[in-house]
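Subject: Structure for you to look over

Dear colleague,

I am handing over the structure we spoke about, and below it you will find my notes on what turned up when I went through it. Please read them with the model open beside you.

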Amino acid sequence: MGDAAAMSDIAIELDDLTVAYARHPAVHHLSGTIATGSLTAITGPNGAGKSSLLKAVIGELRPSSGTIRHRLKPTDVGYLPQAADINRRFPISVLDTVLLGSWRQAGAFAQIASPEQQKARDALAVVGLEGFDRRGIGSLSAGQFQRVLFARLLLQDASVILLDEPFTAIDSRTTRDLLEIVAGWHGEGRTVLTVLHDFEQVRAHFPQTLLLAREVIGWGATADVMTTANLTKARVMAERWDESADICEPAR
């Protein structure tokens, strides 16, 4: 297999990646590949570097060392941050929030055409919010707002989708419905990376898992990674973290 063909099977490649906040390490010497079309959970203790990894992949955080390789354009990537990072007080309608998913293709100041607006309404119907077009996002429950954000991702139609704790603090029915959408993306051959803290969700819905405790504890088939031994190792490493430690030097 040639290099071009091999690269087509890899959505994202990480080579000795280290990411830090204020010179304190969040991710240590991470190397591996995310296969095109894979459905991967990123899990581990609080502070394990899960969200930092996603932010490094989208370019929001600059690696301290190592590299991230991919051939993705900005329009190829859909990113859903944690709910705490989203301002719901902004006075915007549900429909306009979904239409933000088309701005990368249309341009921030382009007029959104009627067909695109219909696609946004169709996306709302898929997530169970038909007829919510004119509602303000501030009037929505946490679960309804998360459905809106998934509708926005549906409209964006990205080949790589990064979700940061998308099921936190939402009701079980919404979680179930959104997990079905994630499974649908996987069935369409999209690459999905999802940060999760619920180990049962990881085991039940994600065939691949990256278990992090700033360093890789396990990466591969979920059944092989989510073992008692690995989870214990991750917990023990988390308990030993030294928050005052300087960033480590790149591996040689």
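In what follows, two residues are said to be in contact when they have heavy atoms within 4.5 Å. Please keep in mind throughout that this is a predicted model.

To begin with the chain as a whole, its secondary structure comes to ten helices and nine strands, and 46% of its 252 residues count as buried. Among the contacts between residues at least 6 apart in sequence, 72% join residues that are at least 24 apart.

The crossing of H6 past H7 is left-handed. On the H6 side the contact is made by Gly-143, Gln-146, Arg-147, Phe-150, Leu-153 and Leu-154, which meet Arg-173, Thr-174, Asp-177, Leu-178, Ile-181, Val-182 and Trp-185 of H7. Sorted by class, this contact of H6 with H7 holds seven nonpolar, three polar and three charged residues.

With Phe-150 in helix H6 and Trp-185 in helix H7 (residues 172-187), the pair ties together parts that are 35 residues apart in sequence. Phe-150 counts as buried, at 0% relative accessibility, and Trp-185 likewise counts as buried, at 3%.

H6 also packs against H5. The axes of helix H5 (residues 114-126) and helix H6 (residues 142-156) come within 8 Å and cross at roughly 130 degrees, which makes H5 oblique to H6. Here the crossing is right-handed, and the residues in contact are Glu-116, Lys-119, Ala-120, Ala-123, Leu-124 and Val-126 of H5 together with Val-148, Ala-151, Leu-154 and Leu-155 of H6. By class, the contact of H5 with H6 has eight nonpolar, no polar and two charged residues.

Turning to the strands, Thr-43 has its place in strand E3 (residues 39-43) and is buried, with a relative accessible area of 0%. Leaving aside its neighbours within four places in sequence, Thr-43 is in contact with Lys-50, Leu-196, His-197, Phe-199, Val-202, Thr-209, Leu-210, Leu-211, Leu-212 and Met-226. Thr-43 and Glu-165 are 122 residues apart in sequence, while the distance between their C-alpha atoms is 9.6 Å.

Asp-16, although it is not a glycine, has a positive phi of about 50 degrees; Asp-16 lies in strand E1 (residues 10-21) and, at 17% relative accessibility, counts as buried. Asp-157, also a residue other than glycine, has a positive phi near 60 degrees, and Asp-157 is placed in the loop between H6 and strand E6 (160-164).

Technical notes
Residues are numbered from 1 along each chain as its sequence is written. This is a predicted model: local features need pLDDT of at least 70, side-chain atom pairs count only at pLDDT 80 or more; totals for chains, interfaces and linings use all residues. Side-chain values use heavy atoms; hydrogens and water are left out. Axes are lines fitted to C-alpha atoms, for helices over the stretch in contact, and angles run from 0 to 180 degrees between N-to-C directions. Helices (H or I, at least four residues) and strands (E, at least two) are DSSP runs, numbered from the N terminus. Angles under 35 degrees count as roughly parallel, over 145 as roughly antiparallel, 65 to 115 as roughly perpendicular and the rest as oblique. A crossing is left-handed if the near helix is turned anticlockwise from the far one by less than a right angle, and right-handed if clockwise. Ala, Val, Leu, Ile, Met, Phe, Trp, Tyr, Cys and Pro count as nonpolar, Asp, Glu, Lys and Arg as charged, and the others, Gly among them, as polar. Buried means under 20% relative accessible area, exposed over 50%, partly exposed in between (1.4 Å probe, protein chains only).
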